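Below is a short note for someone opening this structure for the first time. The points can be read with the model on screen.

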Amino acid sequence: MPVEILIVVLILIAVIAILLFISLPKLLYAKEDIKVTYVNLDAILKERWTLIPKYIEAVKPYSANGLGILEEIILLRNTTFENMKFMKKVETDRELNNRIIEMDLKIREYVELRDDEKLNDILSTYDKLGKDLEEAKLVYNASIDKLNKLTSRFPTNLVALVAGFAKVKKL
């Protein structure tokens, strides 16, 4: 009888080892993908963040009828980027983007600004980074989906539970 128990225990250990061998690398790769896409997303947010002072300087002389909006942009931009949590960075970027769109609509009545090469370059770069940001968000969310699927499907969910992998919230 003890031999049969030993065989069952060895089979059980082998099954657990196979599950770990198959599932753990998938979970680790998915988590690493999230880290890589997070770094990319954060870098794009930082680039957009550094363009805001240039934008403010370019539109300041023309901001009489959009002064309240410009003040909101300045207040939003005066927070310290490095001290913000990731979701706060994304939220602040969204708010800044909305204010810049509002400001742009107000100041575009100035003919000089329509032809201002410096402002147009800033806005062009800002818009390009906005498109890059949206693509990076899609990749980030896809990486999160991958990890979340792994943590909810058998057998990787068992390994995820034991190894401390949890579902991640998307943007």
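1. A salt bridge here is a side-chain nitrogen of Lys or Arg within 4 Å of a carboxyl oxygen of Asp or Glu. With that criterion, a search of the whole structure finds eleven salt bridges. The model is predicted: local features need pLDDT of at least 70, side-chain atom pairs count only at pLDDT 80 or more, and totals for chains, interfaces and linings use all residues. Residues are numbered from 1 along each chain as its sequence is written, and side-chain values use heavy atoms, with hydrogens and water left out.

2. One of the salt bridges joins D33 and K146, with the closest N and O atoms 3.8 Å apart. D33 lies in helix α1 and K146 in helix α5, so the pair ties together parts that are 113 residues apart in sequence. Helices are DSSP runs (H or I, at least four residues), numbered from the N terminus. D33 has a relative accessible area of 33% and K146 one of 42%. Both values count as partly exposed, because that class lies between buried (under 20%) and exposed (over 50%), using a 1.4 Å probe and protein chains only.

3. E134 is partly exposed at 44%, whereas K137 is buried at 12%.

4. E72, R99 and E102 are linked in a network of salt bridges.

5. Helix α3 (residues 86–107) and helix α5 (residues 117–152) pack at an angle of about 145°, their axes being 12 Å apart. Axes are lines fitted to C-alpha atoms, for helices over the stretch in contact, and angles run from 0 to 180 degrees between N-to-C directions. Contact means heavy atoms within 4.5 Å. Residues of α3 that meet α5 include F86, V90 and I107; on the α5 side, L119, Y126 and K137 are among them.

6. K46 is in helix α1, which spans residues 2–59. Is K46 buried or partly exposed? Its relative accessibility is 31%, so K46 counts as partly exposed. Leaving aside neighbours within four places in sequence, K46 is in contact with F81 and E82. K46 and V162 are 116 residues apart in sequence and 36 Å apart in space, C-alpha to C-alpha.

Terms used:
Helices (H or I, at least four residues) and strands (E, at least two) are DSSP runs, numbered from the N terminus.
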